[in-house]
Every structure is written in structure tokens, then in C-alpha cells.
Amino acid sequence: MFKRLAVALTAFLVFFGSYAEAAKPDKWLIYWYVCGTNIETTNISLGLGTDLTSNDPNAIILTEPDRNPGDVTRCIKEVEKATLSSNVKIFMQAGGTYIWGHEKFRDLNAKIQTGTNGSNAFGNGNAFFSEWHLSDPIGEGTMIRPGKIGRYVYDKNHRNWNAINQLPISGELNTETDMGSKEGLKSFLEAGQKLEQELYPDGNVRRVLILKNHGGGIRGVCEDQYTRNIISLKELKDAFSEINNGWTNPEEKPFELVAFDACIMSVYETAFAIEDAANYMVASQESTYNKVGIDYTGLLNQLSKNPSMNGKELGKVICNTTWEDSKITDKEFGINSNIVFTESVIDLSEQKMDALKTAYANFNEETVKVAQKNPEDIVYTFTKFKNAANVSDRFSIISGKTPDMVDLKNFADNVGDTFPELKAVSNELVKAVDKRAAAHS
């Protein structure tokens, strides 16, 4: 059914494990952090002089709207197709992009120069808009006005995406509206904490956080189109830490699950960054090509039917529904999902994370000893390590921006085969992963 789900570190890590937990509430609040950036604008076509703040439904035209609209618009429409139960609510923040193709988000659009085809121009055919950033000088007479971010509650009874709050984007240092910053993420999470006090004053709720945008592995996630900033993994960890006391149940991890609807985020460093914030993590080693991202309709339908499921079960739902949805990619875009599909669930329990950290630390310590053993041969030794990495599974998407990352299990196996003196620690590391690995095949 599935290709095996790869395991790695600075590189990628994938593992399941049993998680004993007491009965938990069956009410869910899904925190959806949607940074549109160019994944939303890429497939949007504009006419000369288009007023992006217009309420005219024809002001913005999606290229091939039934097949491949702005990627975030596609995801929002998947949410709208779901049949929600009263147990499931969504708290969404939308921002980080100039132009929203979805008709309900027009009041967030920026007003920028359109119809030009110069440098930094994006668009389709003869319809272009000029890319602009808050740090760029604004020329006299140009048609530039930043947009907004919007916050919405969406549930069974409120399906119109009526904003509960809008924040104007007003300058390079306005970190509250910078979706590529720690402060921007914190502002969203703190707004969610206040919302929960209204919706669930008794704290009787479980939470999911989904981060939607570009991912760059150890580089971070969610790149804001206005600022060019991206949330680093350290900032991700710090954001959770700095608001940890604001949850209604601070003695527990705030999120049952954190999911990355973004490319190549299934790295060890990501798991380390969020281990104190979530019980489980869902991410992909590979690029989330076209439709090989989260299937929101499938996720929400199944959670609504079975709100008593735990984080691991919900993570498996995300993997299974996304796999089925990804088959569309095979037919429409000629991509083999058996190659690119690596969506997987990671158990972030303390016991399992500590075991992996120990095995990896031992592996690192012994490899350094091997490198230092014969200083005169150190170049040859490192070449052998490099060769072990080169023949391992590798992942990267953006040349010059995203570093190559190698599959941890594959690399450890290759190092053990190359250096007999490292066989024991290599096997230890492989076992630390294999005991938790869930292979879909």
C-alpha cells in the first residue's frame, strides 16, 4: 500500500511507539497557521491595473481553477467540503502573502503594482504583479499598500470565514503580523489561548497545530512573503516555551499533534524543537508536491466521526488520507507517489526521544574518535564518511537555500559497513529507530 516511510536526522526521523494515556476529552480545536506566500500567488492571474482589494468576484482569476488553484485556496476549499461534527472547531490565521485567490479572503489582499513584466515580476501570460517586500523602498506614485492577516473560527455552525480579528501589516518591524517570525507565531497561539477561555473555560479540549507553507528542514518553516523571514527551529521551540503557562492544562503537553503541511520537515531537529509541545508530530521527508500535502477533507471527516481517537491514531489518519489523495497527483502531474510520499508519524514521548538522543550521541562520539585516531589520514577518513552519506537517501528542494539531508537509518547502516569499529554504535542507532518504525508497504 505505502512505500516504507524513511527515517532520518539532519536528516530524517520517523518512528511510532505505544503511548499509554488516560481518557481525554473528545472536543478538538485545530490551530491552523496558514502562511500563503508564493504557494498561494503562483497560480493566480491578474489583469492590468487590478485592484486587489476589490469585492468584484472577477477581480482575481485563478488559472485552471478546477485543477490547480493557489495551493492554500485549494486547502481551504478542502476544509469547506468536510462534514464537521460539533466536536471539531478550527482556529485559523491567514497571512504572509499579497494575494488570496479565495473569494472570502479578498479583504486581506495587498494593493500593489500590477500589469508589469519587469524584474521580480510574478504571474501568468501577460498578467503580472511585482514582488515587493516591506524592506524595499516605495517609489513615488506606485500603487502599494500592504494587506492584512485575518483570524477566523470555522465550525459546523460558522462556515463563512467571518474574521474575528484582522491585523494590518504596517512595516518591516511589525513582528506581530510577520508570519515568518517567532513573535508572529506566539501572537497567534496567545490569541488561541484567549479564544479557548471563551469556547472551553473548563479546559476540556484537545489541540492540533498545523503549519501550512514552505518548509526547509533545518532551515525552518513558514516564509512570509512580505518580510522574507522564516521561523527557525530554535524560534519554534522558543515560541512554545514562552507561552507554555498560558494553557488551561499546563501540566500536559499543549498539543496532541503538531503537523507540518510543508516540505521536508521530518527531521530530527524538528522533533527536538517541538518535543515539549506535542505528543506526536506528522511531517514529510520529501517535498509535498502539488496534492501530496494534507488531505483536509479526509482528516476532518474522520476526526468528526471518531473524536475519541488519540494523537497517534489521528496522525495515521493524516498519513492514510493524504496517501489516497496523493494518487491524484500520479494521474494529473505524472509524479510517482511511491517515490515522493514520505508522510509519517513521530512519537515524541520522553522515553522514546531520550533513547534516540542517547543512541545518536554515542554514534557521534565514536565517529569523532575514529576521525581523530589517525590525524594524518583525516582527509581520507572524512571522504569515506562523505561517501557513506552520498549513497544514502538524500532530500533537498531549494538549491542554495535548503541543505542536503540524509536518511539517518540508511546513513548509520552505511557507516557501520564502512567502519568495522563503528558497527556497534551504528547498530545501536538503527535499533533505536527500528523499535519505533512503522513501515507502510
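Predicted model: local features only at pLDDT ≥ 70, side-chain atom pairs only at ≥ 80, totals over all residues.
A cavity, as the word is used here, is a set of grid points where a 1.4 Å probe fits but cannot get out, and its lining residues have an atom within 4 Å of a point. Rolling a probe the size of a water molecule over the atoms shows where empty space is left.

The lining of the largest cavity is made up of Ile 30, Trp 32, Val 79, Ile 90, Ile 210, Tyr 296, Leu 299 and Leu 300. Two elements, β2 (28-35) and α6 (296-305), each give two or more residues to this lining. Helix α6 provides the largest share, with three residues.

Strands of a sheet pair through backbone hydrogen bonds, either parallel or antiparallel. Strands β5 (residues 88-95) and β8 (residues 148-154) run antiparallel and are joined by five bridges. A handy pair to look for in the structure above is Ala 94 with its bridge partner in β8, Gly 150.

Two helix pairs round out the picture. In one of them, α3 (residues 182-199) packs against α4 (residues 233-242) at an angle of about 35 degrees, the axes being 9 Å apart. This crossing is right-handed. On the α3 side, Lys 182, Leu 185, Lys 186 and Leu 189 take part, and they meet Glu 235, Leu 236, Asp 238, Ala 239, Phe 240 and Glu 242 of α4. The contact has five nonpolar and five charged residues, with no polar ones.

The other pair joins α9 (residues 350-373) to α10 (residues 378-390), whose axes come within 8 Å and cross at roughly 145 degrees. Here Thr 367, Val 370 and Ala 371 of α9 meet Ile 378, Thr 381, Phe 382 and Phe 385 of α10. Five residues of this contact are nonpolar and two are polar, and no charged residue is part of the contact. By contrast, five charged residues belong to the contact of α3 with α4.

Key
Residues numbered from 1 in each chain as written. Heavy atoms only, no water. Pairing = 2+ DSSP bridges. Helix = DSSP H or I, 4+ residues; strand = E, 2+ residues; numbered from the N terminus. Axes fitted to C-alpha atoms, helices over the stretch in contact; angles between N-to-C directions. Left-handed = near helix turned anticlockwise from the far one by under 90°. Contact = heavy atoms within 4.5 Å. Nonpolar A, V, L, I, M, F, W, Y, C, P; charged D, E, K, R; others polar. 1 Å grid on protein atoms, 1.4 Å probe; cavity = no way out; pocket = protein on both sides within 12 Å on 5 of 7 lines; lining within 4 Å.
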